[in-house]
Structures are given as structure tokens and as C-alpha cells.
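Hi everyone, thanks for coming along. I have one structure for you today, so let me put it up and we can walk through it together.

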Amino acid sequence: MSINLDLRLKRADKVYSEGENISGIIVISSNSDFKHDGIILTVEGCVNLQISSKNVGVLEAFYNSVKPIQLVNIICDVSTPGRVPSGITEIPFQIPLKAKPNRVLYETYHGVYVNISYSIRCDIKRSFLSKDLQRCQQFLVQYKANAGHCPQLPLKDNRKPVSFELSPAKLTSGASGAPDFLLRGYLESVCCSITKPFKGQLTLVRCAAPVKSVELQLVRIETCGCAEGYAREATEIQNLQIGDGDIAQNIPIPIYMVFPRLFTCPTLMTTNFKIEFEINIVLVFDNNHLITNNFPIILVRG
């Protein structure tokens, strides 16, 4: 006997916000009827935290603080024990997406040390002589625009354009061996909407040595732990080359970057973990000497 179980969500993009209904159909295909001990739908969402191996010794005593944080756990009985007829059976369902008490549904995010994921699972229970059937479907959660989930930061001040100037005299480290140069530019804002491109402009005013590359680097800063101890790790998300070779001087170079879905989310600061982001402008000289200018940014939705 062949039995196929499928779980189909009505929304093609599988994106939901807190308070909305997750709707779809359970599709059971079988070449003969069969008995079952119940059909159950489970909606789960959790934050999985992981400490970097180099920080394990520091935070051994705080492992209990980085257990998975359950955000949502909804169990719905679709059918009591009975029989499913042969052929194709479709069972519609609709489940409201609600967080557990005293929890908030954070946006879906796939990081290195922090992962926020949501799924809906269908289980068909069968007798001990037959194998249970299971089908799982991931879905995405995102905030409603201007829903007030953003960190309490002075956003108005951060929406102004930010000018920068980079030269050997302004370097706090890495100035040794750097040729004489002057790089000027601006960023449209360090408080960025996650749905809009990151923009700005830079100009190499002068440089005494050939330039190999100008790069724009997006970095995530993930912090795990508790009040007693934190593990903070920075990892690169993407690196875009905006200038190749010995670029011409006094020619404006546009800065344009789209924030990647899943690998970024609105800046998040909680008791047990934090997700922050930075932009690095990297100037690479012909001898592979690197000069980096760092800008912490705030990501919001809406």
C-alpha cells in the first residue's frame, strides 16, 4: 500500500505576520483505504542559540541560558481516529499564528550562532504495526510595517546622511605601511529599511599607490548568553566589489546594496541574544594592504 502525505500553504511566498491565519490543505493520496489513530497539526517556532567553540570555556557555566527559546507551540487535532478512503483526500485547515504568553514572534532569520525558524507539521498516527506519516513545511514570519518591534534607538537622528573621510591620519590602526590617500563619501542613512537598498557614494580624491579593489561588506554581530556572560561573534554576510582595479581619482562611485532575505532581519536586542549589523567600506591596495572603515547600522521594517 502506497500513502503520500503533502502539506500545502495557500500563500505562495509563505510569509505571515503575528495574528494572521495560516491556511492551507492537507493532501492524502492512497491507492487503498487505511485506518489511522488521529491527524494532528503542530505549529512551532523557536530561537536556536549556539556558542562559538572558542567561547565554550568562557561560558561553560551558562549553557542553561542558551537553550532553545520556544516562541510558538500550537497543537490542533484535525481528525479523531478513523479511516481515510482510497484516492486523494484534501482536508482544509486554518490556524491563527499566536505567540506563547510573554513571548514575541521575531522575524525569521538564519545566522551562524542565532537561528529563528518557524514550521507547521502534520502527523498521521497509525497503529504500532504501521509507520506514522509526517510532513513538515517551513514558513516565514515578518513584522507588519511600523509595528513597533524596532529597538528603542534615536531613529530620527540616524536617518540623516552620514559623511565620512578616510586617510592615514584618521586611521586608529593599520596605518603602518599605508600609502598617502584620501577617500571621501557619504551614506544616505545608517538607519535602513530592510526592504530598500542601502545607498551612498564615495570618491577616491588622491592615492599615492595603485588600488586593487574597493569593496562593500555587510557583517552581522550575533551575541548569545545572559547577564552573567556573553559570547559576541561577527561574521560576514556578503561582500560586493564596487570598484575594480586602479580606479580613477575624483570620480564618484555609487554605493548600492540589497539586503539579502533570511540572512538579515530588523536589528534585535533581547535579554538572551542580540542581532546587530555593520557595514565595512574596504580599500585594498595593490600590495594587498587593507584599509577598513566601519559603520554600525540599524535595520528596521517599514
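K14 sits in the loop between β1 and β2, where strands (E, at least two residues) and helices (H or I, at least four) are DSSP runs, numbered from the N terminus. Before I go on, a word on the ground rules: this is a predicted model, so local features need pLDDT of at least 70 and side-chain atom pairs count only at pLDDT 80 or more, while totals for chains, interfaces and linings use all residues. Residues are numbered from 1 along each chain as its sequence is written, and side-chain values use heavy atoms, with hydrogens and water left out.

Back to K14. Its phi is near 60°, a positive value in a residue other than glycine. Why point that out? Because most residues other than glycine have a negative phi. K14 is partly exposed, at a relative accessible area of 28%; buried here means under 20%, exposed over 50%, and partly exposed in between, with a 1.4 Å probe and protein chains only.

N250 also has a positive phi, about 60°, although it is not a glycine. You will find N250 in the loop between β17 (229-244) and β18 (253-257), and with a relative accessible area of 49% it is partly exposed.

Now back to the loop between β1 (3-9) and β2 (15-16), which also holds K10. Is K10 buried or exposed? K10 is exposed, with a relative accessible area of 65%. Leaving aside residues up to four places away in sequence, K10 touches Y16, S23 and G24, where contact means heavy atoms within 4.5 Å. K10 and I22 are 12 residues apart in sequence, and their C-alpha atoms are 8.1 Å apart in space.

Moving along, E18 lies in the loop between β2 and β3 (21-30). At 33% relative accessibility, E18 counts as partly exposed. Which residues does E18 touch, not counting those up to four places away in sequence? They are L97, A99, L105 and K144. Take A99: 81 residues separate it from E18 along the chain, yet the two C-alpha atoms are separated by 7.5 Å.

Of the contacts with a separation of 6 or more, 71% are between residues 24 or more positions apart. The secondary structure comes to 1 helix and 21 strands. Of the 302 residues, 47% count as buried. The accessible surface is about 15500 Å², and 48% of that belongs to carbon and sulfur atoms; areas come from the Shrake-Rupley method with a 1.4 Å probe, and for residues, only the protein chains shown count as cover.

D123 is found in strand β10 (residues 114-124), and it is buried, with a relative accessible area of 8%. The D123 side chain makes a polar contact of 2.8 Å with the side chain of R121, and another polar contact of 2.8 Å joins it to the side chain of Q134. By polar contact I mean a pair of N or O atoms within 3.5 Å; within protein, one must be able to donate a hydrogen and the other to accept it, and residues adjacent in sequence count only if both atoms are side-chain atoms. Beyond four places in sequence, D123 touches G38, I39, I40, T42, L133 and Q134.

The other is E278, in strand β20 (residues 273-285). E278 is buried as well, with a relative accessible area of 16%. Its side chain has a polar contact of 2.7 Å with that of N294. E278 and I297 are 19 residues apart in sequence and 5.3 Å apart in space, C-alpha to C-alpha. Not counting residues up to four places away in sequence, E278 touches a list including Q217, L218, V219, F295 and P296.

Last stop, the largest pocket. β14 (191-193) and β15 (198-207) each supply at least two residues of its lining, and β14 gives the largest share, 3 residues. Among the lining residues are R159, E188, K196, F259 and G302. A pocket, on a 1 Å grid over the protein atoms alone, is an open set of points where a 1.4 Å probe fits, with protein on both sides within 12 Å along at least five of seven lines, and lining residues have an atom within 4 Å of a point. Questions welcome!
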